Amino acid sequence: MPSRSHRRTRLSRRRRLGLATGVALVAGALVAPAVNAATEATAATPSGKRLHDDFNGDGYPDVAIGAPSTAVGGAPLRGAISVLYGSSSGLSTSRKQVLTWPNRTNEGYYGAQLASADLDGDGYADLLSTAESEKPYLDHGFALVVNWGGPKGLSATPTQLTWSTGYDWGGRFTVGDVDGDKRPDVVMVSDDRPESEAPGRVWHGPFTRTGSPAKKDTFGIGPVEQSSHHSVTAGDVNGDGIADLAVRTSSQEEPDSRAVSLLLGGRDGLTYKGSLKDAQGRIIGGEDARIGDLNKDGYGDIVVGHSNDSYDSDVELPTKGGALAVVYGGTGGVSSTREPVWINQDTAGVPGAGEHGDGLGSGLSIGDTNGDGYLDVATGLPGEDFDGITDAGTVLVLRGSANGLTATGYKSFSQNTSGVPGTAEAQDRFGQETALVDGNGDRKDGLVVGAPAENFTMGSAWVFSATSSGVTAAHSFSFGPATMGLTVTGARFGSPTAD
């Protein structure tokens, strides 16, 4: 369901599960470490460990897991966030913190989207989250709030950064140093704003503890006809140490169309570079996107998850059962020497076969699972059927290499995999969210999996460790909202981030 505490290449880390790393399975989503250094600038410990996702400053990444639909204090759909703190022995439910939304009228779904960054520059990662609200006499809207990090963990009460109506913002945000001043900035994009208004906003760091940024800017996102903006992802694709943006867009005139717009960050503002296209010149779009240096060439690569294979406008694309589109970075933003590729279950070496509704490309996360310096990609297939079980779900981990993303040495997990707790059942949708995070500081990212549909939408999360051969099911464990002391009915613990 987030994308940092260990050394990487200069383009190293980022993410989501809402996992916030620390890593966070946020909102039932996971927030994980950032995979590109430019997504956030933070202090480092004397040992060189980065603190992007370290909420309590002990040198180990932490994970935040959202349960946006859980009831709190008898109020339904209030939302909560569970934090697991890392240590030399990894993540554990014995080191936890549970954050809940204040009991305010008509506000809830706290934890629906998560991210982490050191907004105030004090050396501790802070946790950002969205919440939805209905304010009296005003439109439905979204709040962006922050729980501040510190030596004892995150602050119990969130500070509101902004609230806006749904059309004005819609809860779509990311964090990255888009102006090159080595301070994380908060980037928000709107959906369906009037043509006369810029659809993007940047709140530049550092932030005060009252939630005020150093300054605010707006920016455009390509042609006016691409006026719906569904999510935004930050990472350094051109190797200049400044975060760039990949914005998922669509056209109001063609609702099932999708694209990804690339904007390059810089000290003079963001520059629109156009829509991503594949080797055949077809526009690439999808439901998710992540940025990380898969081939260790110093440029972040854009991985687009095309998990929905039901759109008429995409019938010519190799996306049956879902797919990943990988667009390699370069000095101009996109590589001039390495062509984009599509990877699906019909690609040689990828297990299984593409079937409608499998959902490959769901819940993307990026991290180095075996410590070789190449970033790997984890994706869920929550609609995967096997052994006669419908929508049981699996997770697939593909490896980064000098030649880019490859199926060689892949890892695949389900609840029927030996060593994985639980038993695969119909509609579990295991893998709807994933996050890769180095919870024990050994420079190998373990895997966190979210299944918000588990046990009739109670939801559950699984934690896997990693070795030099990658993610392993050995000693994996699972837990749900009851372990965190939350109301379990309909909690959707480990559910996806809002988009």
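This is a predicted model: local features need pLDDT of at least 70, side-chain atom pairs count only at pLDDT 80 or more; totals for chains, interfaces and linings use all residues.
Local features need pLDDT of at least 70 and side-chain atom pairs count only at pLDDT 80 or more, while totals for chains, interfaces and linings use all residues. Residues are numbered from 1 along each chain as its sequence is written, and side-chain values use heavy atoms, with hydrogens and water left out.

**Overall content**

Of the 499 residues, 65% are buried. Buried means under 20% relative accessible area, exposed over 50%, and partly exposed in between (1.4 Å probe, protein chains only). The accessible surface is about 16,800 Å². Carbon and sulfur atoms hold 48% of that surface. Areas come from the Shrake-Rupley method with a 1.4 Å probe; for residues, only the protein chains shown count as cover.

**Nonpolar core**

A nonpolar core is a set of buried Ala, Val, Leu, Ile, Met, Phe, Trp, Tyr and Cys residues joined through side-chain atoms within 4.5 Å. The largest one has 17 residues. Leu294, Val303, Leu324, Val377, Leu398 and Leu405 have the most contacts inside it. Two or more residues each come from strands S24 (323–327), S26 (362–367), S27 (376–381) and S28 (394–399). Val303 touches several residues, including Leu294, Leu324, Leu364, Ile366 and Val377, not counting residues up to four places away in sequence. Contact here means heavy atoms within 4.5 Å.

**Salt bridges**

The whole structure contains nine salt bridges. Each is a side-chain nitrogen of Lys or Arg within 4 Å of a carboxyl oxygen of Asp or Glu. Three of them are tabulated below.

| Pair | N to O distance |
|---|---|
| Asp120 and Arg209 | 2.7 Å |
| Arg282 and Asp278 | 2.8 Å |
| Arg399 and Asp376 | 3.9 Å |

Asp120 pairs with Arg209 in a salt bridge. Asp120 lies in the loop between strands S10 (114–117) and S11 (126–134), and Arg209 in the loop between strands S16 (200–204) and S17 (215–219), so the pair ties together parts 89 residues apart in sequence. Asp120 is buried at 18% relative accessible area. Arg209 is partly exposed at 42%.

In the second pair, Arg282 is partly exposed at 22%, whereas Asp278 is buried at 6%.

Arg399 sits in strand S28 and Asp376 in strand S27, so the bridge ties together parts 23 residues apart in sequence. Arg399 is buried at 17%. Asp376 is buried at 0%.

Definitions and conventions. Helices (H or I, at least four residues) and strands (E, at least two) are DSSP runs, numbered from the N terminus.
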